[in-house]
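Colleague: I am new to this structure and would like to learn how to read it, one feature after another. Could you take me through it slowly?

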Amino acid sequence: LRPGEVTVSWSCTFVAPLPPTARLRGLESGIVVLPGEQVLVGTRLRSTFVLDAQGRVTRHTEEIVAGFGMQDAIARYEL
């Protein structure tokens, strides 16, 4: 980090539609299909804020830092 930068790691969980290809590949253990062909997925993200001298945000970036499992792939596609 440099002066004037703030980095935050956070996670989110949400309901997403189940892609048809996920069924073809086979669902990972622990993935429960909800009514309406939806699944609960979660992912981890990192946000970096660059602040000016007055503390205002001048730049904001986000990136997904989770792994590459099926839930992560569905979350990446939906986000």
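**Reading a predicted model**

Modeller: Let us begin with Ile 31, which is found in the loop between helix 1 (20-25) and strand 2 (33-34); please keep in mind throughout that this is a predicted model.

Colleague: Is Ile 31 buried or exposed?

Modeller: A residue is called buried when its relative accessible area is under 20%. Ile 31 has a relative accessible area of 12%, and therefore it is buried.

Colleague: Which residues is Ile 31 in contact with, leaving aside its neighbours within four places in sequence?

Modeller: With those neighbours set aside, Ile 31 is in contact with Val 39, Met 70 and Gln 71.

Colleague: Which residues make up the largest nonpolar core?

Modeller: The largest nonpolar core has nine residues, and Ile 31 is one of them, together with Ala 16, Leu 18, Ala 22, Val 39, Val 41, Met 70, Ile 74 and Ala 75. At least two residues of this core are supplied by strand 3, and at least two by helix 2 (70-78), with helix 2 giving the most, three residues. Val 39, a member of this core, touches Ile 31 and Ile 74, and also Phe 14, Val 15, Ala 16, Leu 18, Val 32, Val 33 and Leu 34, when residues up to four places away in sequence are not counted.

Colleague: What lines the largest pocket?

Modeller: Its lining consists of Pro 19, Thr 21, Ala 22, Arg 25, Met 70, Ala 73, Ile 74 and Tyr 77, and about 160 Å³ of space lies in this pocket. Helix 1 and helix 2 each supply at least two of the lining residues, while the largest share, four residues, comes from helix 2. Sorted by class, the lining has six nonpolar residues, one polar and one charged.

Colleague: Where is Ser 47 placed, and which side chain does its own side chain meet in a polar contact?

Modeller: Ser 47 sits in strand 3 (residues 38-51), and its side chain makes a polar contact with the side chain of Trp 10, at 3.0 Å. Because its relative accessible area is 3%, Ser 47 counts as buried. Not counting residues up to four places away in sequence, Ser 47 touches Trp 10 as well as Val 6, Thr 7, Val 8, His 60, Thr 61 and Glu 62.

Note on methods
Residues are numbered from 1 along each chain as its sequence is written. This is a predicted model: local features need pLDDT of at least 70, side-chain atom pairs count only at pLDDT 80 or more; totals for chains, interfaces and linings use all residues. Side-chain values use heavy atoms; hydrogens and water are left out. Buried means under 20% relative accessible area, exposed over 50%, partly exposed in between (1.4 Å probe, protein chains only). A polar contact is a pair of N or O atoms within 3.5 Å; within protein, one must be able to donate a hydrogen and the other to accept it, and residues adjacent in sequence count only if both atoms are side-chain atoms. Contact means heavy atoms within 4.5 Å. A nonpolar core is a set of buried Ala, Val, Leu, Ile, Met, Phe, Trp, Tyr and Cys residues joined through side-chain atoms within 4.5 Å. On a 1 Å grid over the protein atoms alone, a cavity is a set of points where a 1.4 Å probe fits but cannot get out, and a pocket is an open set with protein on both sides within 12 Å along at least five of seven lines; lining residues have an atom within 4 Å of a point. Grid points are joined across faces, edges and corners, and a volume is the space filled by probe spheres set on the points. Ala, Val, Leu, Ile, Met, Phe, Trp, Tyr, Cys and Pro count as nonpolar, Asp, Glu, Lys and Arg as charged, and the others, Gly among them, as polar.
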